[in-house]
Amino acid sequence: PFRLLTPAEQTLVHHALTTPRSPDIMIQQIGSDRVLLRSLHTLLPNTWLNDEVIHFYFLLLIRRDTQLSSLTPSFCRSAYYKSFFFTSLFNEAHADPRQRGHYSYHNVRRWHKRLPNQDLFQLNKLLIPVNINRSHWTCLVIHFREKRIQYYDSMGSSGRRHLAATFHYLQDAHRDIHHTPMPNPNDWHLIECTPDTPQQENHYDCGVFCCAFADLLLQDAPLTFSQQHVLQG
């Protein structure tokens, strides 16, 4: 399901990863998002991807999606939130330890203003990479047309807590944006990680799986890849 790198691309990647340079050198920047060489090194085998690489990859996916929308007027755009969304939504940085882990719409009430038309509910999909305890990456996707929130985890956890919080967020955001309750909330479905979700066979490729989920889901393509495809990439 994924295109392999050409020999020329492999040479370029090898040069970028092995040429001795300061780890703080900037490899690429789009707006305020950037990737430093130290982050690029997380693409090496047997290594966990860091948030800088994952966020930048999601940004590139959404840029591709935006380009498609410019070619097809009827195309419904998608967007993404960075993983810090859940860090804020769950109040994980609160000075009072008793407040950490509790839902807080107040912390994320302005996030929708970064989106096209500043309206969540006009999107096709909203993708959110999820960092679990700074040791595991998963992916949550809001499928607005199907009124479905689904959790994709390459290690098979349910995602129940994140699904419930996201649904709560959508209801609060609808009241905030449209000044009315979200219509027909019972029509929405929260889908825990399904048994057919591709699973990693090691302890470090979760970030790659997270990115692969996002890539294929944006294309409405089936998740028909495996650990072997990841190793080939």
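1. Helix α6 covers residues 206-218, and at 1.5 Å a residue its 13 residues should span 18 Å, which agrees with the 18 Å found between its end C-alpha atoms. The expected span is worked out as 1.5 Å times one less than the number of residues in the helix, and helices themselves are DSSP runs of H or I with at least four residues, while strands are runs of E with at least two, both numbered from the N terminus.

2. Please keep in mind that this is a predicted model, in which local features need pLDDT of at least 70 and side-chain atom pairs count only at pLDDT 80 or more, while totals for chains, interfaces and linings use all residues. Residues are numbered from 1 along each chain as its sequence is written, and side-chain values use heavy atoms, with hydrogens and water left out.

3. How many of the 13 residues of α6 are buried? The answer is 12, where buried means under 20% relative accessible area, exposed means over 50%, and partly exposed lies in between, with a 1.4 Å probe and protein chains only. Among these buried residues are Cys206, Cys210 and Cys211, together with Phe209, Phe213 and Asp215. Just after α6, aspartate 220 takes a positive phi of about 55°.

4. Isoleucine 191 belongs to strand β7, which runs over residues 189-191, and its relative accessibility of 25% is why it counts as partly exposed. Not counting residues up to four places away in sequence, isoleucine 191 touches Arg148, Ile149, Gln150, Tyr151 and Leu163, a contact being heavy atoms within 4.5 Å. Between isoleucine 191 and asparagine 202 there are 11 residues of separation in sequence and 25 Å in space, taken from C-alpha to C-alpha.

5. Turning to the whole protein chain, there are seven helices and seven strands, and along the sequence they follow the pattern α-β-β-α-α-β-α-β-β-β-α-β-α-α. The radius of gyration is 18 Å, close to the 17 Å that the globule rule gives for 233 residues, so the chain is as compact as a globular protein of that length; this radius is taken over C-alpha atoms, and the rule is 2.2 Å times the number of residues to the power 0.38.

6. Buried residues make up 44% of the 233 residues in the protein chain. Of the contacts in the protein chain with a separation of 6 or more, 55% come from residues 24 or more positions apart.
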